[in-house]
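This report describes one protein model in plain terms. Please look at the sequence and the structure before reading on.

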Amino acid sequence: MKVHLVNPSDTSFGTAVITPRWLYVLAAATPASFGAPEICDETLTRLDPLTVHAGDVVGIGIHTGNALRGYALGRELRERGACVIFGGIHATLYPQESLTLGGANAVVKGDGDVAWGRALIDNANGTLQPIYDGGRVEADQFKSARWDLLPKDSYMWASVQTVRGCAKHCSFCSVWRTDGQRPRQRASDMVIEEIVGLRRQGYRFIALADDNFYPVSLTDIELAERQNNPEKLEELKAIRADRFELMARLAMLPKDMCFFTQITMEAAEDPKFLDAMRNARIKGALVGVEAVTEEGLKSVFKDFNCSGENLVKQLKMFRDHGVHVLGSFIFGLPTDRADTFQATHELAEKAGLTFAQFVLLTPFAGTVDFERWEKSFGENVPTVEGVPLTRHWLIPHAVRPKTFMPHPTMNSEEIGRRTQEVWDRFYSLGSIWKRSRCTPTLRSRLAFLFISKLYRQMYATTGIATDSARRSRATGWARWLAIPCRKLFKAKPMPELEIPLSGIGAFRPTVAGAAAGGPGTFNVLR
Ligand code: B12
Ligand code: SF4
């Protein structure tokens with residue numbers, strides 16, 4: 001009996017940008033008695049069903065975007081006699097769907113770090129349950145990924161998670177509902193060990209696959225102070241101190257290493273944090289800008305972000321501290337007007353963003369937006385080829401609408417066309433070349449150009465491309481561009497690399513240290 005783990009995808013590029021972390025975490029969560037799982041990431045190559053035999057166990061991880069492919073795989077493999085177990089964010093939200101449409105024998109809801117092993121053992125004993133609730137495991141139980149199982153020369157970046165959960169509550173996002181609002185932050189030892197292991201293998205680019213790398217803002221600390229809540233205050237300060245400890249240790253790693261993360265805009269008000277990021281070589285961050293107007297931000301419950309000139313100033317703060325921003329914008333908000341597209345593009349250029357993505361407002365399962373949208377239909381849910389629109393992920397790709405939420409002034413075609421125009425303008429050769437000045441040499445400017453074009457082409461296939469011809473052209477381009485790009489990210493393995501020592505406590509607030517104004521104490525908290 002073999003265990004297989006499959007990451008479903010409709011498009012295979014041969015090369016992928018970032019490792020799907022869950023595959024390697026679940027491999028680590030597989031009890032040793034089952035042997036090392038066979039891993040298949042379909043963003044690299046499609047699964048050959050003949051490699052799966054009757055009696056094997058197949059774990060399939062799905063988010064909303066790849067659920068349909070996951071279900072097709074599940075049914076096919078179940079028919080071959082395999083035991084099919086689903087997990088991931090979408091299976092957590094719709095476990096019944098995996099059972100009825102995906103041929104699942106069982107579904108693991110929530111974190112798989114502990115529950116996956118339990119399901120495997122139950123299956124071996126003939127006592128498999130239909131549903132396992134993995135819940136939200138504490139950070140010290142997060143499994144470190146089995147990077148020894150990575151296929152050679154396939155990914156540009158590896159992904160290491162440092163914290164799960166996000167305290168915010170944006171209306172389009174499911175993270176705070178599934179991963180929770182309390183940050184579950186891993187100790188720096190676990191994170192650093194994984195990163196060192198990856199550098200030993202030749203990975204020098206690491207995506208910190210966090211929901212929000214800045215789990216405690218200065219405003220949170222001020223609020224706890226004002227509320228005179230010493231317990232909360234201590235907890236927040238400890239989380240913050242641990243961030244600094246992690247960044248100090250990242251700074252001790254080889255100078256060729258480079259990190260990328262996702263962070264809220266509030267970090268712009270925290271120069272000490274940004275400086276620590278620069279020292280740690282966290283050179284890029286995805287910042288959810290979402291909208292450039294106050295009304296737009298309010299509509300997605302993100303009014304902690306700035307708009308207008310203040311927004312430009314905040315985004316520039318990252319750049320001034322050596323952190324390049326991948327700005328993420330949403331189009332199709334009810335407050336958007338025809339001129340919002342142009343205004344957004346201008347802001348992205350003016351704020352000096354290094355990369356940008358312009359996504360269409362999509363009611364992802366598990367979000368507040370989704371619930372409101374689903375309710376708005378009452379009993380009269382429209383269908384496409386017999387599939388209710390409120391289960392849009394089940395509609396075949398060829399006929400799936402591009403936008404779902406009705407807009408007061410624009411139709412779906414107009415939103416799609418204008419969004420496409422912004423992508424085209426932001427990623428025109430001239431614009432990319434101008435932006436490439438942020439890199440020091442001609443060689444790196446060329447690399448920047450390749451990466452920008454790759455990013456743009458990969459997105460054209462997953463997000464907004466309105467016609468299938470454009471989508472398949474984009475896939476062809478992405479495949480071609482991915483080859484030189486992968487080479488750019490490769491580094492010589494460093495098998496001898498040592499783990500930098502921890503300065504445990506150096507960043508923890510201590511009363512004595514604070515009074516003395518000693519280094520690494522309260523000075524990082526203010
Ligand atoms: C890093 C990240 C990315 C990275 C890297 C993606 C990659 N190659 O891994 C980038 C930036 C490229 C990215 C892109 C996108 N992402 Co993303 N991403 C994340 C993020 C922040 C972390 C994912 C991660 O690695 N977590 C660490 C692993 C260990 O956790 P995990 O995946 O949750 O797995 C655990 C459990 O779910 C479970 N589990 C998972 N699979 C399985 C399978 C089995 C069998 C079992 C038993 C258990 C199990 O066990 C695991 C361990 O506990 C999540 C947020 C989140 N909290 O999930 C969003 C998230 C998954 N992304 C999301 C989205 C929407 C996207 C995009 C579509 C964005 C866009 N608009 O284009 C694209 C799609 C890319 C694609 N085609 O797959 C959404 C998905 C929403 C949904 N309902 O499906 C999330 C949840 C963020 C959000 N704002 O809501 N993403
Ligand atoms: S969009 Fe970002 S800030 Fe908002 S809840 Fe999701 S992870 Fe948090």
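Phe-301 sits in the loop between α11 (294–299) and α12 (308–320). Helices (H or I, at least four residues) and strands (E, at least two) are DSSP runs, numbered from the N terminus. Phe-301 is not a glycine, yet its phi is positive, about 60°.

The model is predicted: local features need pLDDT of at least 70, side-chain atom pairs count only at pLDDT 80 or more, and totals for chains, interfaces and linings use all residues. Residues are numbered from 1 along each chain as its sequence is written, chains are lettered from A and ligands numbered from 1 in the order in which they are written, and side-chain values use heavy atoms, with hydrogens and water left out.

**Accessibility of single residues**

Buried means under 20% relative accessible area, exposed over 50%, and partly exposed in between (1.4 Å probe, protein chains only).

| Residue | Relative accessible area | Class |
|---|---|---|
| Glu-290 | 6% | buried |
| Phe-301 | 30% | partly exposed |
| Trp-373 | 4% | buried |

Glu-290 belongs to strand β13. Its phi is near 65°, a positive value in a residue other than glycine.

Trp-373 is part of helix α14 (residues 368–376). Contact means heavy atoms within 4.5 Å. Not counting residues up to four places away in sequence, Trp-373 touches Pro-363, Leu-389, Thr-390, His-392, Phe-404, Met-405 and Pro-406. From Trp-373 to Pro-406 the chain runs 33 residues in sequence, while the C-alpha atoms of the two are 9.3 Å apart in space.

**The whole protein**

The protein has 19 helices and 17 strands. Its C-alpha trace spans about 70 × 55 × 50 Å along the principal axes. The radius of gyration is taken over C-alpha atoms, and the globule rule is 2.2 Å times the number of residues to the power 0.38. For 526 residues a compact globule would have a radius of gyration near 24 Å, and the protein agrees with this at 23 Å. Of the 526 residues, 54% are buried. Among contacts with a separation of 6 or more, 75% come from residues 24 or more positions apart.

**A buried helix**

Helix α1 (residues 21–29) is largely enclosed by the rest of the structure, because seven of its nine residues are buried. These are Arg-21, Leu-23, Tyr-24, Val-25, Leu-26, Ala-27 and Ala-29. They pack against β1 (3–7), β3 (38–41), α5 (112–125), β8 (155–160) and α7 (188–201).

**Parallel strands**

Two strands pair if DSSP finds at least two bridges between them. Strand β11 (residues 205–208) runs parallel to strand β12 (residues 258–263), and three bridges join them. Phe-205 stands opposite Cys-258 in β12. Strand β12 is also parallel to strand β13 (residues 282–290), with five bridges. Here Phe-260 has Gly-284 in β13 as its bridge partner. Between β12 and β13 the chain passes through helix α10 (residues 271–279), and this β-α-β crossover is right-handed. That term applies if, with the strands pointing away from the viewer, the path from the first strand over the helix to the second runs clockwise.

**Around ligand 2**

Which residues are around ligand 2? They are Cys-166, Lys-168, Cys-170, Phe-172, Cys-173, Trp-176, Asp-211, Thr-264 and Lys-302, where a residue is near a molecule if one of its heavy atoms lies within 4 Å of it. This shell divides into five nonpolar, one polar and three charged residues. Ala, Val, Leu, Ile, Met, Phe, Trp, Tyr, Cys and Pro count as nonpolar, Asp, Glu, Lys and Arg as charged, and the others, Gly among them, as polar.
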